[in-house]
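Work through the exercises below with the sequence and the structure side by side. Try each task before reading its solution.

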Amino acid sequence: MHGHGKSDRSVVPEKSPNKASGAPHVAEGMEERDLAKGNPRQFTRCRTQSRVDLQQALERVRQAARKDRGLRLTTLWHHVYDPTRLREAYFSLKRKAAPGVDGVTWQQYGEDLEANLEDLSGRLQRGAYRAKPVKRAYIAKGDGRMRPIGMPTLEDKLVQRAAAEVMGAVFETDFKGFSYGFRPRRQAHDALDALTVGIKKRRVNWILDADILGYFDAIDHGWMMKFVEHRIADQRVQRHVKKWLKAGVLEDGTRRWVEEGTPQGGSISPLLANIYLHHVFDLWAEAWRKRRARGDMILGRYADDFVVGFEHRAEAERFLEELRERFRRFNLELHPDKTRLIEFGRFAAKNRQRRGEGKPATFDFLGFTHMCAKSRDGWFQVRRQPMRKRLRNKLKSLTRELRCRMHDPVPETGKWLSDVLNGMYRYYAIPYSTPTLESFRNQLKQRWRAALRRRSNKTCMTWERTKRLASRWLPHPRVLHPWPEQRLCVKT
């Protein structure tokens with residue numbers, strides 16, 4: 001793991017039943033039962049045992065990294081080219097993902113999986129693996145701009161997934177508690193809960209809502225490698241990270257070399273993005289809070305979106321000014337339109353009313369609009385609603401899809417719409433969001449009726465029939481998330 005080249009895979013001793021010699025299936029002898037009908041004789045136990053070995057190996061890496069925060073680990077690459085880890089990485093990839101420049105899909109690679117994995121493991125071990133360029137495509141964003149996305153080859157994604165798991169075991173011990181994006185056992189609602197509770201419980205009067213302009217395309221490769229080398233001294237890991245950063249992109253049949261940025265779509269890109277902002281923003285902001293802030297200050301970051309709360313306006317303005325300088329040093333820039341300093345908190349409405357100003361401004365974070373409100377008892381609340389802009393864009397895309405599905409069987413389209421709504425509810429169904437989601441459901445019902453009326457006699461699709469279809473296929477929203485204080489208290 002560090003300091004020597006020996007593999008640290010451990011073997012967990014298995015318990016055997018009495019007089020087990022000669023018994024063909026020891027595991028079943030312990031419980032006096034046979035294998036489940038139709039299962040391979042030893043495959044399930046072996047695969048489960050292999051997963052245990054993989055996790056135990058990573059746990060030893062975590063313990064070493066946690067024990068000494070200044071330790072640079074020197075032998076990690078053997079964890080990556082382990083065929084068992086590569087196999088687990090393969091099965092964790094998306095089955096229907098678009099292929100890369102070589103055109104190999106998940107199903108094609110799996111036709112001769114074991115031979116492919118053995119060949120890949122050998123190339124990784126002897127240094128013959130070569131990263132291929134990333135195929136680039138563009139998707140439309142909500143503001144009309146185009147977002148570039150990358151499609152690495154399946155082997156590149158597979159190796160990156162294995163490397164990200166091993167590297168993550170090291171860097172997860174360093175990441176800060178207010179960082180939530182692309183981390184195991186952390187999700188967007190954890191960041192939302194922590195932000196809401198922080199605004200309510202701390203003396204927060206000003207909110208800095210910030211976004212980094214083109215973050216994934218602006219990462220400096222030189223600084224990125226310095227941050228990786230800060231904890232990982234294994235030159236084989238460093239060399240392969242450089243390969244992925246320098247592989248270039250293939251766009252319209254032309255290969256273009258890139259000197260900055262990490263392609264979105266790669267399995268290791270989220271981890272590298274977190275490592276970069278951990279050093280550029282997280283460590284600096286935490287030090288600023290301890291040494292420079294005189295009042296309360298809260299921090300919350302999810303990928304390249306972050307929110308900072310302050311008690312005093314002067315400190316918020318000074319933090320923003322110094323943050324711009326800090327980012328400029330590392331080739332980053334705050335988005336001019338999405339970065340704002342607003343008055344927000346328990347006393348914002350009262351202070352603005354005393355000055356003769358309007359209601360406190362709102363801010364968006366992780367798909368929700370946050371606003372100052374009061375409960376029925378008059379207590380301050382942070383009211384959250386799904387962003388109307390996102391709901392409008394979602395409704396437009398569903399309308400286009402309904403036009404394409406116009407001649408499909410009604411039950412098939414109804415099942416698809418039911419899955420879409422349930423997926424939205426799983427994310428957006430928080431307290432106080434039910435009226436907004438119910439309105440979205442009603443608008444979707446009208447769009448579905450309009451599509452059905454276009455394909456047949458309009459008089460057949462009456463409102464009574466539409467209501468019957470909606471009651472069967474379009475579920476009503478209900479709150480699926482607890483109050484932020486309740487979930488945060490349970491998790492922390």
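**Exercise 1: A sheet and its helices**

Leu-208 has Leu-341 in E8 as its bridge partner. The model is predicted, so local features need pLDDT of at least 70 and side-chain atom pairs pLDDT 80 or more, while totals for chains, interfaces and linings use all residues. Residues are numbered from 1 along each chain as its sequence is written, and side-chain values use heavy atoms, with hydrogens and water left out.

Solution. 

Step 1. Strands here are DSSP runs of E with at least two residues, helices are runs of H or I with at least four, and numbering starts at the N terminus. Two strands pair if DSSP finds at least two bridges between them.

Step 2. The sheet is open and has four strands in the order E6-E7-E3-E8, with antiparallel pairing. Its edge strands are E6 (297–302) and E8 (340–343), each of which pairs on one side only. From one strand to the next the twist averages 15°.

Step 3. H8 lies across E3, E6 and E7 (305–310), at about 165° to E6. H12 lies across E6 and E7, at about 175° to E6. Axes are lines fitted to C-alpha atoms, for helices over the stretch in contact (heavy atoms within 4.5 Å), and angles run from 0 to 180 degrees between N-to-C directions.

**Exercise 2: The cavities**

Task: State how many cavities of 30 Å³ or more there are, and describe the lining of the largest.

Solution. 

Step 1. On a 1 Å grid over the protein atoms alone, a cavity is a set of points where a 1.4 Å probe fits but cannot get out; a pocket is an open set with protein on both sides within 12 Å along at least five of seven lines; lining residues have an atom within 4 Å of a point. Grid points are joined across faces, edges and corners, and a volume is the space filled by probe spheres set on the points.

Step 2. The count is six cavities of 30 Å³ or more.

Step 3. Residues lining the largest cavity include Thr-196, Lys-200, Arg-383, Tyr-432 and Trp-483. H8 (188–201), E11 (380–386) and H19 (484–491) each supply at least two lining residues. E11 gives the most, with four.

Step 4. Sort the lining of the largest cavity by class: six residues are nonpolar, two polar and four charged. Ala, Val, Leu, Ile, Met, Phe, Trp, Tyr, Cys and Pro count as nonpolar, Asp, Glu, Lys and Arg as charged, and the others, Gly among them, as polar.

**Exercise 3: An open space**

Task: Say which element gives the largest share of the lining of the second largest pocket.

Solution. 

Step 1. The second largest pocket has about 500 Å³ of space. Of its 20 lining residues, Ala-164, Gly-168, Glu-172, Arg-183 and Pro-184 lie nearest its centre.

Step 2. H2 (43–67), H7 and H12 each give two or more residues to this lining. The largest share, five residues, comes from H7.

Step 3. By class, the lining of the second largest pocket has eight nonpolar, four polar and eight charged residues.
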